[in-house]
Amino acid sequence: MFKYKPSILCGIIGIFVLLFSCNRDVPKTNHSKKVDFPTRSLINANIIFKDSGRVSINLRSPLIEEYTLVDSPYTIFRKGLNLDFYQKGSQKPGFFKADWARLSDATGIYEGKGNVVIVNEKGDSLKSEQLFWNKVKKTVYTSKEVYLISSKGDSLTAKNGLQSTDDLENYTLFNNQGYMYVDDNQKF
């Protein structure tokens, strides 16, 4: 007959209790909500883009967040954006401003929201609450209400948006009305 020592018996029972008394349920996680985190954040940024030694864009923003590790990379300007863009042969820059903006890196389309303003080199301006700028095709468009104000003071309102070249030279307004200032001596 073999005798067990109480310490060995207590040790074996203790191991069984530890192994079989643990709760092996894996905590549930919520996989339905996907959260993207910025790859890089820039605070009080002033970025200058050059093309062939000449400044083409001067971008300023209090906060820039770049998301590059996603399927369609993009950049968010949560606290607004001020952008000067220079056309070849022009000394005075155009201007783009928005309270919030997003740039799709794949398509090159800027989306601006909240107090969006574009001013071209001639001083003509466009104002809206939302505007899209395709920097590759050099066009701007929106379906929101738009105000066009020329450097001479003429004003047009498009209730259902517009499509235009980014220099505001050629545009199509939807559901528009406006005012045009003329000289007293001008004939029609």
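## Contacts and overall make-up

In this predicted model, residues 24 or more positions apart account for 34% of the protein chain's contacts with a separation of 6 or more. The chain has one helix and 14 strands.

Of its 188 residues, 31% count as buried. The protein chain exposes about 13300 Å². Carbon and sulfur atoms supply 55% of that area.

Strand β12 covers residues 162-165. Its side chains alternate between two faces. Leu162 and Ser164 point to one face and are buried.

Strand β12 pairs with β9 (residues 139-142) in the antiparallel sense, over four bridges. Here Thr142 of the chain stands opposite Leu162 in β12. Strand β12 also runs antiparallel to β13 (residues 171-173), with three bridges joining them. In that pairing, Gln163 stands opposite Thr172 in β13.

## Two hairpins

Strands β12 and β13 form a hairpin with five residues between the strands. Leu168 takes a positive phi near 60° in this hairpin.

A second hairpin is made by β10 and β11, again with five residues between the strands. Gly153 takes a positive phi near 110° there. Strand β10 spans residues 146-149 and strand β11 spans residues 155-158. They run antiparallel and are joined by four bridges. Tyr147 has Thr157 in β11 as its bridge partner.

## Loop residues with positive phi

Ser52 sits in the loop between β1 (40-51) and β2. Its phi is near 55°, a positive value in a residue other than glycine. Is Ser52 buried or exposed? Ser52 counts as exposed because its relative accessibility is 76%, above the 50% cut-off.

Lys138 lies in the loop between β8 (125-134) and β9. Lys138 is not a glycine, yet it has a positive phi of about 55°. Its relative accessible area is 43%, so Lys138 is partly exposed. That value falls between the 20% and 50% cut-offs.

## Around Lys138

Which residues does Lys138 touch, not counting those up to four places away in sequence? They are Gln87, Ser164, Thr165 and Asp166.

Lys138 and Asp166 are 28 residues apart along the chain. Their C-alpha atoms are separated by 5.2 Å. Both residues, together with Gln87, are among those lining the second largest pocket.

## The second largest pocket

How much space lies in the second largest pocket? The volume is about 220 Å³.

The lining is made of Asp51, Arg54, Ser56, Ile57, Phe85, Tyr86, Gln87, Lys88, Trp133, Lys135, Lys138 and Asp166. By type, these residues divide into four nonpolar, two polar and six charged. Strand β2 (residues 54-67) gives the most to this lining, with three residues.

How values were computed
Residues numbered from 1 in each chain as written. Predicted model: local features only at pLDDT ≥ 70, side-chain atom pairs only at ≥ 80, totals over all residues. Heavy atoms only, no water. 1 Å grid on protein atoms, 1.4 Å probe; cavity = no way out; pocket = protein on both sides within 12 Å on 5 of 7 lines; lining within 4 Å. Points joined across faces, edges and corners; volume = space filled by probe spheres on them. Nonpolar A, V, L, I, M, F, W, Y, C, P; charged D, E, K, R; others polar. Buried < 20%, exposed > 50% of the residue type's maximum accessible area, 1.4 Å probe, protein only. Contact = heavy atoms within 4.5 Å. Areas by Shrake-Rupley, 256 points an atom, 1.4 Å probe, with all protein chains shown as cover. Pairing = 2+ DSSP bridges.
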